[in-house]
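Thank you all for coming; I would like to walk you slowly through one structure today. Please have a look at it first, and then I will start.

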Amino acid sequence: MSNLISAEGLKKLIEEYDYLWKVERPKVVRGVADAAAEGDRSENAEYIYGKRRLREIDSKLKHLSSRLKVLKVADPPPEHPSAVTFGCWVTYEEESGIKRCYQLVGPEETDVSTGRISIDSPVGRALLNRKVDEEVTVKRPDGEITLCITGIFSTRPE
C-alpha cells in the first residue's frame, strides 16, 4: 500500500481522527457509563450497542493513528504535467469507446464516485508515468483492457 497522500487528504484524516477522539468517543463513553448504571447489562440494548460502537471507534482510531505515522504528503502535480504522476487528473478512452476521467490519489483518498482512484489500483499502476497518446494494458480480475490516454491535467478538466 502506498504511503502517499495529498495535503488536503492528510488534513481530512487528521480532522477525522480529532473528531473521533475528542467528540465521538467521549460521547459514546458517557452513554455506555449511563447505560451501565441502569443495572442488568446483558439485556441493556443501549449498553450493548454503545460497547460495540466504542470498539468500532477504537479500531478506526488505531488504524488512523498507524497510517498517520507513515503517510507522506506528495508534491502537487506540475501545472502542465507531461506524464501521469500522483495527483494528476487523467482522461482516457477504453477500447470499447468509453471515456473516463480520474485523479490518481493515495489509498486513503480513494472515492470512485468523485473520480478519485488509488495509485495502487490496477488502473492507477498502469497509468503512472505514462504520457498522452500512450496505450496501456490493464490487468484486471475479469480480463485485460487497453486504454489510450487522451489528457493529463493538474486540475480536474471541465
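I will begin with how to read the model, then turn to the sheet, the cores, the pocket and a few single residues.

What you see is a predicted model, in which local features need pLDDT of at least 70 and side-chain atom pairs count only at pLDDT 80 or more, while totals for chains, interfaces and linings use all residues. Residues are numbered from 1 along each chain as its sequence is written, and side-chain values use heavy atoms, with hydrogens and water left out.

Let me start with the sheet. It is an open sheet of 5 strands, with mixed pairing, and its order is E5-E4-E3-E7-E6. The edge strands, each of which pairs on one side only, are E5, at 116-118, and E6, at 135-140. On average, and with direction ignored, neighbouring strands of this sheet are turned by 45 degrees against each other, where the axes are lines fitted to C-alpha atoms, for helices over the stretch in contact, and angles run from 0 to 180 degrees between N-to-C directions. As for the terms, helices (H or I, at least four residues) and strands (E, at least two) are DSSP runs numbered from the N terminus, and two strands pair if DSSP finds at least two bridges between them.

Now along the strands themselves. Strand E3, residues 89-94, is mostly covered, since 5 of its 6 residues are buried; buried means under 20% relative accessible area, exposed means over 50%, and partly exposed lies in between, with a 1.4 Å probe and protein chains only. On one side, E3 is joined by 5 bridges to strand E4, residues 99-105, and the two run antiparallel, with Trp89 standing opposite Gln103 in E4. E3 and E4 form a hairpin with 4 residues between them, and Gly97 in the turn has a positive phi of about 100 degrees. E3 also pairs with E7, in the antiparallel sense and over 6 bridges, and there the bridge partner of Glu94 is Leu147 in E7. Strand E7, residues 143-153, is in turn joined to E6 by 6 bridges, again antiparallel, and Val138 has Ile145 in E7 as its bridge partner.

Thr91 lies in strand E3, and Thr91 is buried, with a relative accessible area of 16%. Leaving aside neighbours within four places in sequence, Thr91 is in contact (heavy atoms within 4.5 Å) with residues including Arg100, Cys101, Cys148 and Pro157.

Of the 19 residues in the largest nonpolar core, Val84, Leu104, Val123, Leu127 and Leu147 touch the most other members. The elements that give two or more residues to this core are E3, E4, helix H3 (122-127), E6 and E7, and E7 gives the most, with 4 residues. Apart from this core lies another, of 13 residues, among them Leu20, Val28, Val32 and Ala36. Leaving aside neighbours within four places in sequence, Val84 is in contact with residues including Val90, Leu104, Leu127 and Ile149.

Next, the largest pocket, which has a volume of about 420 Å³. Of the 21 residues that line the largest pocket, the closest to its centre are Ser6, Glu8, Gly9, Glu109 and Arg116. Helix H1 (7-36) and E4 are the elements that give two or more residues to the lining of this pocket, and the largest share, 5 residues, comes from H1. On a 1 Å grid over the protein atoms alone, a pocket is an open set of points where a 1.4 Å probe fits, with protein on both sides within 12 Å along at least five of seven lines, and lining residues have an atom within 4 Å of a point. Grid points are joined across faces, edges and corners, and a volume is the space filled by probe spheres set on the points.

Phe86 is found in the loop between strand E2 (72-73) and E3, and Phe86 is buried, with a relative accessible area of 10%. Is Asn129, by contrast, buried or exposed? Asn129 is exposed, with a relative accessible area of 58%, and its place is in the loop between H3 and E6. Asp133 is found in the loop between H3 and E6, and Asp133 is exposed, with a relative accessible area of 63%.

Notes:
Core = buried A, V, L, I, M, F, W, Y, C linked by side-chain atoms within 4.5 Å.
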